[in-house]
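Open the model in your viewer and keep the selection tool at hand. We will walk through it stop by stop.

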Amino acid sequence: MIEFDRTEKRMVLKLVFYGPALSGKTTNLLRLHDLLSREGRGELMVLDTRDDRTIFFDLLPFFLVTPGGLKIKVKVYTVPGQVKHDATRKAVLQRADGVAFIADSRVSEVANNYSSFENLEKNLAFVGIDIERIPLVIQFNKRDLSDIVPEADIERVWRPTGIPVFMASALEGWGVVETFSRLVELTYDSIDGKCGLSEGYGLDREDFVGRLTKRVQGS
Ligand SMILES: Nc1nc2c(ncn2[C@@H]2O[C@H](COP(=O)(O)OP(=O)(O)O)[C@@H](O)[C@H]2O)c(=O)[nH]1
Ligand SMILES: [Mg+2]
């Protein structure tokens, strides 16, 4: 549900990193902040408390201006994963334009991933967003650990859903930009028709994705 002001030529997009507590949502944002070029990328706001648990949200903003003069702000948020923070999750999901679900690959976390995904389905419905239509990707994080669900099993379960699935280790810094890039691509596709990004503002898909995912030299 894009915030788009044609007169002011301003657009705000909201992307949300969702998932169970401690799956690595904040670590994904920290990595994006490290790996992506400073140009167009704002300052990261991480509100994690001392016990490593987000109570409100984290925020990483991006800014870009298209050849046609449209100013776009992309706000990337995380949600708190613990069950008790459901009201905050709903608030963060309001008007979301895309969601990356960060699952924890550990065998011990399978049930938590499912209940968090169910919670996402429920909360999207609550804020009036159709899960079949919103850009959505899934990342299985913590692939550097040994007690993890095999990739083949993950594929078997999630491939039939048609949701793009990525393997990652946010701690080691791989799979993070790939996950984010796909989310940005899907988001572009979902808004281009409605807002005329390519026709009206000279911003094609490659341009949009390239500018939001440009890496710092050497990363
Ligand atoms: N081994 C490993 N640990 C990770 C990875 N990503 C995050 N963690 C750790 O998992 C814990 C929770 O991470 P955090 O990003 O705060 O999770 P959040 O609650 O989803 O925001 C921290 O101790 C992280 O260092 C990963 O890819 N591999
Ligand atoms: Mg967090």
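Select Glu-206 and Gly-210: these exposed residues sit on the face of helix H7 turned away from its buried side. Helices (H or I, at least four residues) and strands (E, at least two) are DSSP runs numbered from the N terminus. This is a predicted model, in which local features need pLDDT of at least 70 and side-chain atom pairs count only at pLDDT 80 or more, while totals for chains, interfaces and linings use all residues. Residues are numbered from 1 along each chain as its sequence is written, and chains are lettered from A and ligands numbered from 1 in the order in which they are written.

Now pick Phe-208, Arg-211 and Leu-212, the buried residues of H7 (205-212). Seen down the helix axis, they fall within an arc of 95° (taken from the directions from the axis to the C-beta atoms), so they line one face of H7. They pack against strand S3 (59-65), strand S4 (71-78) and H5.

Next, select Val-16. Beyond its neighbours within four places in sequence, Val-16 is in contact (C-beta atoms within 7 Å) with Tyr-77, Val-79, Val-92, Leu-93, Ala-96 and Val-99.

Last stop: ligand 1. Of the 20 residues around it (C-beta atom within 6 Å), Gly-24, Lys-25, Thr-26, Thr-27 and Leu-171 come nearest. Helix H1 (residues 25-35) gives the most to this shell, three residues.

Conventions:
Two residues are in contact if their C-beta atoms, placed from the backbone, lie within 7 Å. A residue is buried if 20 or more other C-beta atoms lie within 10 Å of its own, exposed if 12 or fewer, and partly exposed in between; C-beta atoms are placed from the backbone.
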